[in-house]
Amino acid sequence: MEKKVTVKTRRAAIVGGNRIPFARSNGKYSHASNQDMLTAAIDGLVARFGLQGEQVGEVAAGAVLKHSRDFNLTRESVLGSTLAPTTPAYDVQQACGTGLETAILVANKIALGQIDSAIAGGVDTTSDAPIAVNEGLREVLLDVNRAKSVPDRLKALTGLRPNQLVPTIPQNSEPRTGLSMGEHQAITTQEWGISREAQDELAAASHRHLAAAYDRGFFDDLVTPFLGLTRDQNLRPDTTVEKLSKLAPVFGTRLPGGVEGATMTAANSTPLTDGASVVLLASDEWAAEHKLPVLAHFVDGETAAVDYVHGDRKADGLLMAPVYAVPRLLARNGLTLQDFDFYEIHEAFASTVLTTLKAWEDAEFCKQYLGLDAPLGSIDRAKLNVNGSSLAAGHPFAATGGRIVASLAKMIHENGGGRGLISICAAGGQGVVAILEA
Amino acid sequence: MSDRYLNLVNSPLGSAVATRVGLPKPAVLRRYKSGDPILPGPVLIGATTGRVKASLIKLVTAAGADVRAAETEGDRWGALIFDATAVATPADLAGIREFFSGRLRSLLPSGRVLVLGRAADGADITVDATRQALDGIVRSLAKELQRGSTANLLLVEDEASLGSALRFFLSGKSAYVDGQPLVLGAGVAPAPKDWDQPLAGKTALVTGAARGIGAAIAAVLARDGARVIVADLQQAGEALAKVANRIGGTALHLDVAAPTAPEKLLTYLQAQTDGLDILVHNAGITRDKLLANMKPEQWDSVIAVNLQSQLSINAALLGSSLLRDQGRVVCLSSTTGFSGNRGQTNYGATKSGVIGLVRSSAAAFAAHGDSTINAVAPGFIDTEMTAKMPLATREVARRLSSLQQAGLPIDVAEAISWLASPGAGGVNGQTLRVCGQNLVGA
Ligand SMILES: NC(=O)c1ccc[n+]([C@@H]2O[C@H](COP(=O)([O-])OP(=O)(O)OC[C@H]3O[C@@H](n4cnc5c(N)ncnc54)[C@H](O)[C@@H]3O)[C@@H](O)[C@H]2O)c1
């Protein structure tokens with residue numbers, strides 16, 4: 001008799017999460033490394049769920065801005081944590097989609113029965129960012145290293161030029177267009193006609209919601225203070241649309257319409273931030289054995305990418321990939337855009353959220369670019385980012401996915417059940433989206 | 001914080017100087033270490049009746065002590081125990097003088113004196129007066145003892161917890177308990193399977209556990225086998241996570257003074273435990289001010305954290321099925337609750353209040369599956385709370401006890417872990433001072 005292996009699948013549960021408060025760039029965490037922050041986030045999770053010495057199935061995490069010494073960042077963080085040193089780990093990097101992508105990866109492994117528990121997460125620092133040696137200097141140094149004799153080495157060194165000593169600081173710009181993310185989004189904002197008022201309103205709501213969530217203790221079991229910071233440093237509970245409307249625009253000032261027509265300010269765009277987040281996922285059985293709760297289940301995830309380099313100026317904006325990913329995810333799961341109790345749309349910029357929503361309401365766009373007979377339609381805005389999002393909390397790139405997954409799972413649990421949609425845009429014209437349910 | 005004076009006078013030079021100028025000479029106290037013998041030397045037991053009960057010898061021996069039936073010249077004692085439960089007239093007290101006076105000088109450093117008596121019960125005036133006299137004898141004797149030795153009085157109404165009490169009071173676990181009476185009553189007090197892990201299989205929660213006494217309590221409960229949930233304010237979360245990870249426990253962000261605290265706690269216990277066996281109400285704050293200058297928020301916050309939170313959480317627990325049978329609640333009081341302290345009307349209110357709280361809650365807890373509730377009243381303990389005191393006041397306060405030194409958080413923790421153990425089921429509604437026989441409040 002030939003033996004056949006049958007593959008059974010199950011749904012991965014989200015047990016809970018932990019993050020450190022997010023700090024503004026060069027703020028409270030200016031001397032903390034990615035490894036310090038990721039280790040602190042893991043240790044806080046271990047403390048919350050009593051996982052000391054536990055061998056977790058695997059830990060997947062990553063960072064967008066990474067030092068070369070951090071080639072094994074996640075594994076090194078695990079070794080520095082109180083988890084069992086026999087816990088395997090690996091790094092993932094998909095720009096701002098990193099955190100959510102790690103959750104999809106480990107949820108899939110849990111679903112396939114390959115592992116029973118996992119930690120997904122991400123970390124980023126814009127304060128302790130890697131500074132690269134100038135490309136010219138790097139080439140000269142490599143030549144010196146390769147040279148066999150002293151005279152050859154000296155000869156190689158004569159290739160040095162003073163301007164090569166200027167270090168290269170990593171930039172938040174797209175290598176293929178040379179435009180920063182903000183400049184890209186400014187084009188999209190203008191193409192879609194997103195107003196300054198609407199952006200400021202979304203930003204003010206983000207601060208209001210996040211402050212209220214802190215006040216009612218929503219983050220008591222999601223956040224562990226770090227280096228003296230107990231709440232997100234960027235949070236301004238007293239922000240008003242009025243105050244925000246006074247700020248000068250920072251992106252899109254060179255587009256047609258000039259400064260007058262520019263709408264994106266430092267307040268309706270996310271600031272550079274440092275922080276880390278992790279999420280604990282497991283099979284239902286593992287959670288029950290450990291007497292741990294199941295907040296929600298991971299239903300499905302989808303990733304899309306747009307050709308922002310050559311594509312349509314309006315339809316293929318750098319941060320518009322989630323617009324394409326979500327309808328595919330909905331169709332696969334037999335759901336409509338209205339079948340959700342919560343929407344978590346990452347606020348890279350207020351206008352990213354607003355463009356995304358507007359595109360789904362646009363019949364013409366939905367037909368031509370998404371191939372849909374009818375538009376996805378609008379959502380109940382009262383269900384959008386109800387406990388604040390990146391504009392208020394900040395956005396340490398790879399840490400945003402973990403923040404959202406853990407918070408959304410808790411919201412669904414508090415709600416006594418329901419369904420939530422996550423949408424995260426990423427550099428390189430990518431988008432990662434997912435559904436949680438309980 | 002290290003006690004520099006204590007270290008100094010225990011150095012050869014410092015000791016010589018201190019003796020010459022008559023400075024206090026605090027001893028380095030014998031504290032519990034797993035595997036150490038229970039006492040530094042053998043035990044001699046005496047009794048008012050002249051005949052020591054076999055059951056008592058058996059319990060002391062079971063505790064690991066070497067009980068000597070006869071005495072030889074030059075014996076040095078780890079402990080002297082006197083059973084005065086039979087005293088009935090003032091004349092009977094002479095037997096106590098007779099037993100101790102010749103032998104106190106041969107008590108080893110950090111030795112133990114235990115007197116067993118009975119609590120006055122109102123049945124007979126002469127008997128009650130005589131029983132009460134034991135209190136004055138033990139308190140005075142405690143002040144006379146030197147070199148880290150202590151004297152305590154066990155008022156034995158029932159022997160259910162006598163064995164477990166002997167283990168606590170003879171060992172280094174009671175290092176800073178001195179001159180105190182404690183009533184041992186009836187109750188369900190099973191012996192643990194393993195005396196080194198008396199809390200094995202128990203789930204415990206300690207509030208205010210991010211630092212100080214709370215962190216020490218959590219560590220000792222974990223050492224004794226409990227699975228410990230450490231709770232503290234969200235703001236203290238970083239230190240709290242470290243405590244949890246050090247002891248293999250679980251961290252919970254909980255403001256005990258929040259109106260929602262009892263409900264939050266019950267929800268958490270329901271979701272993540274099979275019920276609670278041990279609760280330690282340790283969270284506490286000071287907002288010292290003379291009453292003449294006290295602001296409403298200074299008054300209100302201390303009352304809310306130190307007293308109201310304990311009442312509210314206890315009521316919620318008793319009303320639920322989440323406190324398991326033979327549950328143990330231990331509340332933090334303070335010697336200020338007995339003696340008062342200038343500038344601490346608010347704090348004193350709460351710490352006296354806790355003494356009343358445990359006394360009046362005892363029956364309700366006994367009715368809840370033979371559970372108990374007790375308080376521990378620390379004296380001056382070196383923590384961040386007392387580090388806030390001015391240096392001179394702190395130095396003086398440290399010496400104002402029979403043991404002439406501040407206690408350590410571990411001393412409070414040991415007493416709490418004992419009261420939380422199954423064997424202490426016969427102790428209910430009482431407040432045990434851990435104060436080195438403090439002369440004033442703390
Ligand atoms: N240190 C002493 O000498 C001494 C003496 C007598 C009694 N005590 C009592 O012992 C207990 C612990 O004292 P300590 O010296 O370790 O103090 P501490 O100040 O070092 O620690 C107290 C802990 O309680 C926490 N806490 C405060 N308010 C809280 C709240 N609302 N909810 C949850 N946690 C809260 C704090 O964050 C802190 O971690 C207190 O009840 C105190 O009154 C101490």
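This is a predicted model: local features need pLDDT of at least 70, side-chain atom pairs count only at pLDDT 80 or more; totals for chains, interfaces and linings use all residues.
**The largest nonpolar core.** Begin by selecting Leu154(B), Phe169(B), Leu221(B) and Val230(B), which touch the most other members of a core of 67 residues. Next, select helix H7 of chain B, residues 212-223; this helix supplies eight residues, the largest share of the core. Then colour residues 31-184 (domain 1) and 203-434 (domain 2) of chain B: the core lies between these domains because both give residues to it.

**A second core.** Turn to chain A and select Met181(A), Ile194(A), Val326(A) and Leu337(A), which are among the 50 residues of a second, separate core.

**The interface.** Now display the contact between the chains, to which chain B gives 19 residues and chain A gives 21 residues. The two chains bury about 1500 Å² between them, with 47% of it on carbon and sulfur atoms. Select Gln234(B), Glu238(B) and Asn245(B): they supply 38% of the area that chain B buries against chain A, more than any other three residues.

**Polar links across the interface.** Two salt bridges are counted between chain B and chain A. Select Asp220(A) and Lys264(B) to see a salt bridge whose closest N and O atoms are 2.8 Å apart. Nine residue pairs are in polar contact across the interface. Finally, select helix H8 (237-247), strand S9 (250-253) and helix H9 (261-272) of chain B, the elements that give two or more residues to the side touching chain A.

Conventions. Residues are numbered from 1 along each chain as its sequence is written. Chains are lettered from A and ligands numbered from 1 in the order in which they are written. Side-chain values use heavy atoms; hydrogens and water are left out. A nonpolar core is a set of buried Ala, Val, Leu, Ile, Met, Phe, Trp, Tyr and Cys residues joined through side-chain atoms within 4.5 Å. Buried means under 20% relative accessible area, exposed over 50%, partly exposed in between (1.4 Å probe, protein chains only). Helices (H or I, at least four residues) and strands (E, at least two) are DSSP runs, numbered from the N terminus. Domain bounds come from an automatic or database domain assignment. Contact means heavy atoms within 4.5 Å. Buried area is the accessible area (1.4 Å probe) that two parts lose on being put together, summed over both. A salt bridge is a side-chain nitrogen of Lys or Arg within 4 Å of a carboxyl oxygen of Asp or Glu. A polar contact is a pair of N or O atoms within 3.5 Å; within protein, one must be able to donate a hydrogen and the other to accept it, and residues adjacent in sequence count only if both atoms are side-chain atoms.
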